[in-house]
Structure formats: structure tokens, C-alpha cells
Amino acid sequence: MTLDLLTVLLAFAFVSAMTPGPNNLMLVASGANFGFRRTVPHMLGITIGFPAMIFLVGLGVMRLFDLWPPSYVILKVMSVAYLLYLAWKIANAAPPQEAKAEGRPLTFLQSAAFQWVNPKAWSMALSAITLYATSRDLAAILWVVGAFFVVSFVSTTSWTVLGQQVQRFLKDPGTLRKFNIFMAVLLVATLIPVLWPGAEQGGLAR
């Protein structure tokens, strides 16, 4: 991979990873409700899980879906159902004092597994492989994986810190409640590209 192409790949990865989406919105909510340290497993699940997903997509995992087209519908239903469940959990999150004892942020495995039902993650993975690993050879795929690993680390850290900093303004339980509901609404809004008629061209929304 040439330096020019690598620069463009890193720019694409940075913009894709840093823009708001299900992962980033949940990190803000987790940072605000549980703090940075307890959100680390969630962060690592994204930082490692998403590049792993890109790697498998690059190796041809999408061909398995092509062999059985109904799997696209099943994946979409799972994506919508799980995102709605997560939005409900965020909207009903306990205040920080209670969350420390009762609340549970996403674990590493839950966060990593979520990538496979995250519409934005699918869009990013498919676009990255299509644009920057057209040959589908292992070296090209690993360059893309490496770029997203680095950028994901920066992105997850930044969004979690943002949530942690927001926490200082959410001391009042009523204000925290409104914040969590707002974050839940934003998370549900990320489903619009998936559900809006004509917003996709087969498979998950782009």
C-alpha cells in the first residue's frame, strides 16, 4: 500500500469512526453513567471487535449471506431489536450512585458481538474493504484492519472521555434522566437508514 493510499485510508477510517453512531452514542452514555474505568471493557470490545469483523468481511464472510438471502432480513431484524433494547436500557439507566452498585456497562464480549448487528459497522466494513482492499489479498485486508484498529482506539477513548466529562453536569437525577432519554432517542434515530424506504440497496443500510 502506497503512502498516499494509506493516508486516504486513515482519513476515511477516522471520519467513519469519529462520527456519531450506535457505538459512539453508547460510549458517551456509558462514560456519563459508569465513568471511564468501568467503560474500558466496552471500549476494548469495539477497538478489537470491529477490526476483527473487517478482517472476516475481507476474507469473504459476506458470501455466506449471499448464499442464503433471507439472512439479510434476519440480520436487520436482529439489529433493530437489539438497538431498541439497548436504547431502553440507556433510557432507564440508574443514577451514578446506584449504577456503581447495580448497573452494568457492556462487557468486552457483548461489545464485540454487537458489531455484528450494528448497521453502521456493516456499512463501514463493507465500504473499507470495497475501497481499500479491492484485491482481497491478505496484506491489503490487514492494512485496512490495522488502520481501523488505531482509529478505533482514538475514537472510543475520545467519546468515553466526552461522556465522563458530561457526567459533572448530570449530578441532578432529573437532569441525568433527561440526558439518558435524549441519548436513547439518538440511538433509535440511528435506525432511520435501516428502516427508511429506499435508504439502502440490499443488505443493511449504507
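Guide: Some terms come first. On a 1 Å grid over the protein atoms alone, a cavity is a set of points where a 1.4 Å probe fits but cannot get out, and lining residues have an atom within 4 Å of a point. The model is predicted, so local features need pLDDT of at least 70 and side-chain atom pairs count only at pLDDT 80 or more, while totals for chains, interfaces and linings use all residues. Residues are numbered from 1 along each chain as its sequence is written, and side-chain values use heavy atoms, with hydrogens and water left out.

Visitor: How many helices and how many strands are there in the protein chain?

Guide: Helices (H or I, at least four residues) and strands (E, at least two) are DSSP runs, numbered from the N terminus. Read along the sequence, the pattern is α-α-α-α-α-α-α-α-α-α. The count is therefore 10 helices and zero strands.

Visitor: What percentage of the residues in the protein chain is buried?

Guide: Buried means under 20% relative accessible area, exposed over 50%, and partly exposed in between, with a 1.4 Å probe and protein chains only. Of the 206 residues in the protein chain, the buried share is 46%.

Visitor: What volume does the largest cavity have?

Guide: Grid points are joined across faces, edges and corners, and a volume is the space filled by probe spheres set on the points. The structure holds one cavity of 30 Å³ or more. The space in the largest cavity is about 130 Å³.

Visitor: Which residues of the lining lie nearest the centre of the largest cavity?

Guide: H2, H7 and H8 each supply at least two lining residues, and H2 gives the most, with four. The lining divides into five nonpolar, nine polar and one charged (nonpolar: Ala, Val, Leu, Ile, Met, Phe, Trp, Tyr, Cys and Pro; charged: Asp, Glu, Lys and Arg; polar: the others, Gly among them). Of the 15 lining residues, those nearest the centre are Ala 17, Asn 23, Asn 24, Ile 46 and Met 124.

Visitor: Is Ala 17 buried or exposed?

Guide: Ala 17 is found in helix H1. Leaving out residues up to four places away in sequence, Ala 17 is in contact (heavy atoms within 4.5 Å) with Asn 24, Lys 120, Met 124, Val 151, Ser 155 and Trp 159. Because its relative accessibility is 9%, Ala 17 counts as buried.

Visitor: Which residues does Ser 16 contact, leaving aside its neighbours within four places in sequence?

Guide: Ser 16 is also found in helix H1. With a relative accessible area of 12%, Ser 16 is buried. Its contacts are Lys 120, Met 124 and Phe 148.

Visitor: What distance separates the C-alpha atoms of Ile 181 and Asn 92?

Guide: Ile 181 is placed in helix H9 and, at 37% relative accessibility, counts as partly exposed. Ile 181 and Asn 92 are 89 residues apart along the chain, and their C-alpha atoms are separated by 7.7 Å.

Definitions and conventions
On a 1 Å grid over the protein atoms alone, a cavity is a set of points where a 1.4 Å probe fits but cannot get out, and a pocket is an open set with protein on both sides within 12 Å along at least five of seven lines; lining residues have an atom within 4 Å of a point.
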